Amino acid sequence: MKIEMMCSKIHRATVTDANLNYIGSITIDEKLMKAANLLEFQKVEILDVNNGERFATYVIKGQKDGEICLNGAAARKVCVGDIVIIVAYASMEFQEAKSFKPTIVHVNNKNEIDG
């Protein structure tokens, strides 16, 4: 039996931009992507702490330090300055899931890795 498990997350990142005129996704600083083991085009769930929105999109690689930009339709779900949790999941066998440890990246209010 396979189950869905959180495999990685960026915890409490600050939205730096929202670009309605883009073809969808979330742009994430490449350093944060690497730290959280996220791949470009990987599906993620966005949890907005400020307004309670929860929605899925995919990751694109950002070029700016600390960049967290919601694009396209997702831009309507957040405001610049909102705090979001970016979560990725993986499907794995039940036994593997029992010992699996996800990657969790904590950031400060400038989206710099904390600790």
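Colleague: Which residues does Gly-72 touch, leaving aside its neighbours within four places in sequence?
Modeller: In this predicted model, Gly-72 is in contact with Asn-19, Leu-20, Tyr-22 and Gly-24. Gly-72 itself sits in the loop between strand S6 (68-71) and strand S7 (83-93).

Colleague: Why is Gly-72 called buried?
Modeller: Its relative accessible area is 4%. Buried means under 20%, so Gly-72 gets that label.

Colleague: And what makes Thr-57 buried?
Modeller: Thr-57 has a relative accessible area of 12%, and the cut-off is under 20%, so Thr-57 counts as buried too. You'll find Thr-57 in strand S5 (residues 54-62).

Colleague: How do you know that the side chain of Thr-57 has a polar contact with the backbone nitrogen of Ser-25?
Modeller: A polar atom of that side chain lies 3.3 Å from the Ser-25 nitrogen.

Colleague: Why is the pair Glu-30 and Lys-61 called a salt bridge?
Modeller: Their closest N and O atoms are 3.8 Å apart, and the rule asks for within 4 Å, so they qualify. Glu-30 lies in helix H1 (residues 30-35) and Lys-61 in strand S5, so the pair ties together parts 31 residues apart in sequence.

Colleague: What makes Arg-54 exposed, but Lys-61 partly exposed?
Modeller: Exposed means over 50%. Arg-54 comes in at 51%, so it counts as exposed.

Key. Residues numbered from 1 in each chain as written. Predicted model: local features only at pLDDT ≥ 70, side-chain atom pairs only at ≥ 80, totals over all residues. Heavy atoms only, no water. Helix = DSSP H or I, 4+ residues; strand = E, 2+ residues; numbered from the N terminus. Buried < 20%, exposed > 50% of the residue type's maximum accessible area, 1.4 Å probe, protein only. Polar contact = N/O pair within 3.5 Å; in protein donor to acceptor, adjacent residues only side chain to side chain. Contact = heavy atoms within 4.5 Å. Salt bridge = Lys/Arg side-chain N within 4 Å of Asp/Glu carboxyl O.
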